Amino acid sequence: MIRTDAVPRPLRIGAGVAAVAATFALAGCAPTDAGGGTEAPAAGPSRSSAPGSGASEPAAPSGDSTYADGTYTADGSYATPESVETITVTVTLEDDVIAEVSVVGDPQKRESEEYQGRFIGGIADAVVGRDIDEIAVSRVAGSSLTSGGFNQAIETIKSEAAA
């Protein structure tokens, strides 16, 4: 016979809610493939692309820049189930297009170090050559939480670079 009153009901409900929350939190960090291969596009559409090649080409300068050309640096942070992590993003803008990007992580936990490393390794392919207003990174190389910190830093950079 199974006793259902061995653990008080509020405790069982709390454990159930915590399990569901943990599942959603961990699902956001799960890699999309075991081999660490390619990911779905992590940023918005580019201004132009080669038909049929699947590769993006750098956006052409329009001459109507919203942001001043230059190199900008900002920090972004995001929460993991175990900690709050921070990354530093440096972007070089030319005619509103990201010409260069670098990200430096400061992982507080071993797992964060792994995901930040993956993100840093793949972010240039996702954003270089794209208009900064079209950037909306959601997942890079299996790292989705780091994207939140990156997007936060990009918003700060946009406000600083506004012409």
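In this predicted model, V89 stands opposite V103 of strand β5. The strand β4, spanning residues 84–94, runs antiparallel to β5, and 8 bridges join the two. Stepping back, β4 and β5 belong to an open sheet of 3 strands, ordered β3-β4-β5 with antiparallel pairing. Strands β3 (70–79) and β5 (97–105) each have a single partner strand and stand at the edges, so one side of each is left without a neighbour in the sheet. On average, neighbouring strands of this sheet are turned by 25 degrees against each other, direction ignored.

Two helices also meet this sheet. Helix α2 (residues 110–127) packs on the sheet and touches β3, β4 and β5; the direction of α2 makes about 170 degrees with that of β5. Helix α3 (residues 145–161) packs on the sheet as well, touching β3, β4 and β5, with its direction at about 140 degrees to that of β3.

In helix α2, E114 and R118 lie 4 residues apart, about one turn of the helix, and form a salt bridge whose closest N and O atoms are 2.8 Å apart. Both E114, at 34% relative accessibility, and R118, at 28%, are partly exposed. Salt bridges that share partners join R110, E114 and R118 into one network.

K158 counts as buried because its relative accessibility is 15%, whereas D133 is partly exposed at 39%.

Conventions: Residues are numbered from 1 along each chain as its sequence is written. This is a predicted model: local features need pLDDT of at least 70, side-chain atom pairs count only at pLDDT 80 or more; totals for chains, interfaces and linings use all residues. Side-chain values use heavy atoms; hydrogens and water are left out. Two strands pair if DSSP finds at least two bridges between them. Axes are lines fitted to C-alpha atoms, for helices over the stretch in contact, and angles run from 0 to 180 degrees between N-to-C directions. Contact means heavy atoms within 4.5 Å. A salt bridge is a side-chain nitrogen of Lys or Arg within 4 Å of a carboxyl oxygen of Asp or Glu. Buried means under 20% relative accessible area, exposed over 50%, partly exposed in between (1.4 Å probe, protein chains only).
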